[in-house]
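Q: I've got a model open in the viewer and I'd like to learn how to read it. Could you walk me through a few features?

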Amino acid sequence: MADPTPANTHVCPWWGGYLLTSPLRRLFENPDRMLDSLVQPGMTVLEPGCGMGFFTLPLARMVGPSGRVVCVDLQQKMLDGLARRARRAGLLDRLELRVCGPRELGIGDWAGRIDLAIAIHMVHETPDPEAFLRECHRALRPGGALLIREPRGHVPRAQFESFIATAAAIGLTGARPHGSGRGLSVVVRKPAA
């Protein structure tokens, strides 16, 4: 299903990553509270659009030493900043960092192996939301989940709902609202085999 509202192809500049990792952000968007009910130790989590790791480092703590967070971003400078922060926190060994292209995540080797994918504040930035959601669907294991969260006010509800409809059309079903607060947030799942 095509998105009736074209996606914004604006990408956060790399230097904005420093602002996005500010501890003040936790006051209105706490990664631990937001993700705790979705993440278990030992999971493999895909985080496209990871930036400098506002969500990544809490995810790495949640998955524990036996888990993995696959971090994908368009900008090497974002990943470099993430690597520095993860090294200081002693979490770099739990991360796999990858630069992607503007139209694909480059995660074909993870097909069917991801327990959870989190798309936080970024589906609206992709040039082709349907292709992005298809790639996430392929990466998820049967029964795996995708969290889609968009900023309320920045992304119109109709556009957010079109993302959910597109996800359903490609096989990510059972949409249920997730969390509360300022964002538009839903969890969808790939059906179990």
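This is a predicted model: local features need pLDDT of at least 70, side-chain atom pairs count only at pLDDT 80 or more; totals for chains, interfaces and linings use all residues.

Q: What is the phi of His121 near?
A: First the general idea: most residues other than glycine have a negative phi. His121 has a positive one, near 60°, and it isn't a glycine. For a glycine case, look at Gly171, which follows H6 and has a positive phi near 110°.

Q: How do I check the length of H6 against what its 13 residues should span?
A: Count 1.5 Å a residue, using one less than the number of residues. For the 13 residues of H6 that gives 18 Å, and the end C-alpha atoms are 18 Å apart, so the two agree.

Q: Which residues of H6 are buried?
A: A handy rule: an α-helix has 3.6 residues a turn, so residues three or four places apart point the same way. In H6, the buried ones are Gln159, Phe160, Ser162, Phe163, Ile164, Thr166 and Ala167.

Q: At what angle do H5 and H6 pack?
A: About 45°, and their axes are 10 Å apart. That angle makes H5 oblique to H6, since roughly parallel would need an angle under 35 degrees. The crossing of these two helices is right-handed. On the H5 side, Pro129, Glu130 and Leu133 make the contact; on the H6 side, Phe163, Thr166 and Ala167 do.

Q: Which residues touch the most other members of the largest nonpolar core?
A: A core like this is built from buried residues joined through their side chains. Here the largest has 29 residues, and Leu46, Phe132 and Leu146 touch the most other members. Strands E2, E4, E5 and E7, along with helices H5 and H6, each supply at least two of its residues. There's another core apart from it, with 27 residues, including Leu57, Leu79, Ala86 and Ala145.

Q: What does Phe132 touch?
A: Leaving out residues up to four places away in sequence, Phe132 touches Pro48, Leu105, Ala119, Met122, Val123 and Thr126.

Q: And Asp32: where does it sit?
A: Asp32 is in helix H2, residues 31–35. Its relative accessibility is 35%, so it counts as partly exposed; buried would need under 20% and exposed over 50%.

How values were computed: Residues are numbered from 1 along each chain as its sequence is written. Side-chain values use heavy atoms; hydrogens and water are left out. A nonpolar core is a set of buried Ala, Val, Leu, Ile, Met, Phe, Trp, Tyr and Cys residues joined through side-chain atoms within 4.5 Å. Buried means under 20% relative accessible area, exposed over 50%, partly exposed in between (1.4 Å probe, protein chains only). Helices (H or I, at least four residues) and strands (E, at least two) are DSSP runs, numbered from the N terminus. Contact means heavy atoms within 4.5 Å. Axes are lines fitted to C-alpha atoms, for helices over the stretch in contact, and angles run from 0 to 180 degrees between N-to-C directions. Angles under 35 degrees count as roughly parallel, over 145 as roughly antiparallel, 65 to 115 as roughly perpendicular and the rest as oblique. A crossing is left-handed if the near helix is turned anticlockwise from the far one by less than a right angle, and right-handed if clockwise.
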